[in-house]
Amino acid sequence: MASSKKPPLSNETLLTHLGRWPDEQHGLINTPVSRGSTILFPNLKSLQDLSQPYSYGRTGNPSSRSVEELVTALEGGTGTRLAPSGLAALSCALMSTLSSGDDVLVTDSAYEPTRKFCDNYLTRMGVSVRYYGPRIGTGISQLLKENTKAILVESPGSLTFEIQDLPAISAARGQSDIAIIVDNTWATPLFYRPLELGADITVHAGTKMFVGHSDTSFGTITANEKYWPQLHATHYQLGLCAAPDDCFLAARGLRTLAIRMDEHQARALEIARWLEAHNLVTRVLHPALPTHPDNALFRRDFAGSGSLFSFALPRAPQAALAALFDDMELFGIGYSWGGYESLILPVDLSQNRTVTTPERDEQIIRLHIGFEDIDDLKNDLSAGLERYRSAMG
Ligand SMILES: *Cc1c(COP(=O)(O)O)cnc(C)c1O
């Protein structure tokens with residue numbers, strides 16, 4: 001698109017223009033949903049030399065290509081493949097880099113179902129799985145073994161929001177053939193560019209910010225030049241694909257990603273600062289706050305922050321937590337995040353931390369801040385915190 005004389009297009013412009021071809025589709029602005037399995041070839045020769053862009057529904061069509069092209073450009077990768085969920089994208093990335101007898105290092109702050117895949121499936125396939133503390137930085141060099149073939153980073157961790165020193169982890173790995181895989185769901189490529197900081201593969205739970213409206217599940221995997229051939233092959237061998245209707249929803253969500261991220265960022269920060277000043281809240285786990293222990297790293301490596309953060313309250317009986325949650329009027333109680341609606345979830349680390357023990361006895365609560373009026377959200381939280389206080393005993 002850009003000629004060599006012009007400066008490169010910004011992400012905002014890529015988000016509005018890439019991955020759609022009005023000239024090929026009767027002038028329609030949005031790439032239509034390409035439902036289909038069989039794709040016809042005009043003659044035997046084109047079937048035999050696969051000379052047309054699409055050959056079979058599962059392996060690609062205009063709907064999947066529209067998202068792949070856009071995400072590849074945003075991440076600065078060589079290629080992208082799609083998956084029916086974020087978890088499927090993560091497991092595909094891991095399977096593309098690991099074989100029987102290999103070792104993988106996984107952040108202790110990883111998304112819990114990712115841990116289950118590593119602990120159950122990867123170990124069954126003969127891969128040894130070890131966890132590291134997310135604040136390890138250069139210290140990871142002590143953990144690297146001859147057979148270590150991948151490091152799975154999630155920065156920030158999506159419950160406790162530790163920021164990882166990705167350049168230090170990349171330097172520790174040096175020239176060895178260890179793939180660094182980063183779950184970049186929280187920041188999106190607009191606010192964090194892992195491939196430029198030494199990562200090889202980035203993964204998104206597109207379910208969250210890309211789709212952006214809580215209306216489907218989606219995953220993307222983007223690799224650099226070195227890891228693209230094996231990612232491409234593994235994705236094909238596993239038979240993964242995303243449904244054309246879901247590709248359409250992801251592409252449509254991506255068109256407004258930049259303005260949604262700016263709004264989420266501003267609103268989440270306002271609520272985070274307001275909570276920090278609340279006399280019942282003991283701490284706020286948001287990496288963009290100066291009080292966060294990783295704030296310097298955050299400011300060095302990230303261009304902005306997302307919709308999701310946690311805060312802590314003094315531990316109280318279950319009845320106090322129920323009093324807070326059950327009468328929330330606006331915050332919905334539910335998994336996932338990334339949509340226009342605000343969500344609240346209690347955080348229980350007992351099942352998903354093995355090397356970092358929780359520092360204190362506290363009740364962590366995670367929030368996703370959506371697009372409701374900010375004062376309405378504060379009022380809802382304020383009433384919930386008073387119910388918690390009254391029921392604390
Ligand atoms: C939700 C999430 C996933 C998994 O995505 P699904 O589409 O639910 O499978 C992975 N990583 C992070 C950080 C997530 O928030």
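Figure 1. Ser109 counts as buried, because its relative accessibility is 2% (buried means under 20% relative accessible area, exposed over 50% and partly exposed in between, with a 1.4 Å probe and protein chains only). This residue is found in the loop between strand E2 (103–107) and helix H5; helices (H or I, at least four residues) and strands (E, at least two) are DSSP runs numbered from the N terminus. The structure is a predicted model, in which local features need pLDDT of at least 70 and side-chain atom pairs count only at pLDDT 80 or more, while totals for chains, interfaces and linings use all residues. Residues are numbered from 1 along each chain as its sequence is written, and side-chain values use heavy atoms, with hydrogens and water left out. The side chains of Ser109 and Thr107 make a polar contact at 2.7 Å (a pair of N or O atoms within 3.5 Å; within protein, one must be able to donate a hydrogen and the other to accept it, and residues adjacent in sequence count only if both atoms are side-chain atoms). Apart from neighbours within four places in sequence, Ser109 is in contact with Pro134, Glu154, Gly157, Ser158, Glu162, Gln164 and Arg353, where contact means heavy atoms within 4.5 Å.

**Figure 2. Surroundings of Pro134.** Pro134 lies in the loop between E3 and E4 and, at 3% relative accessibility, counts as buried. With neighbours within four places in sequence set aside, its contacts are Thr107, Asp108, Ser109, Glu162, Ile163, Gln164 and Thr356. Ile180 is 46 residues from Pro134 along the chain, and their C-alpha atoms are separated by 14 Å.

**Figure 3. Helix H6 and its cover.** In helix H6 (residues 166–173), the residues Leu166, Ala168, Ile169, Ser170 and Arg173 are buried. The cover over the buried residues of H6 includes strand E3 (128–132), strand E4 (148–154) and strand E5 (179–183).

**Figure 4. Packing of helices H4 and H5.** Helix H4 (residues 86–97) packs against helix H5 (residues 112–124) at an angle of about 45 degrees, with the axes 10 Å apart. Axes are lines fitted to C-alpha atoms, for helices over the stretch in contact, and angles run from 0 to 180 degrees between N-to-C directions. H4 is therefore oblique to H5; angles under 35 degrees count as roughly parallel, over 145 as roughly antiparallel, 65 to 115 as roughly perpendicular and the rest as oblique. Leu87, Leu90, Ser91, Leu94 and Met95 of H4 make the contact with Pro113, Thr114, Phe117, Cys118, Tyr121 and Leu122 of H5.

**Figure 5. Packing of helices H12 and H13.** The axes of helix H12 (residues 318–326) and helix H13 (residues 374–391) cross at roughly 160 degrees and come within 8 Å. The two helices, H12 and H13, are therefore roughly antiparallel to each other. From H12, Ala319, Ala320, Leu321, Ala323 and Leu324 meet Gly384, Leu385, Arg387, Tyr388 and Ala391 of H13.

**Figure 6. Surroundings of Arg35.** Arg35 is placed in the loop between helix H1 (11–17) and helix H2 (44–48) and counts as exposed, because its relative accessibility is 65%. Its side chain makes a polar contact of 2.8 Å with the side chain of Asp245. Beyond neighbours within four places in sequence, Arg35 is in contact with Pro244 and Asp245.
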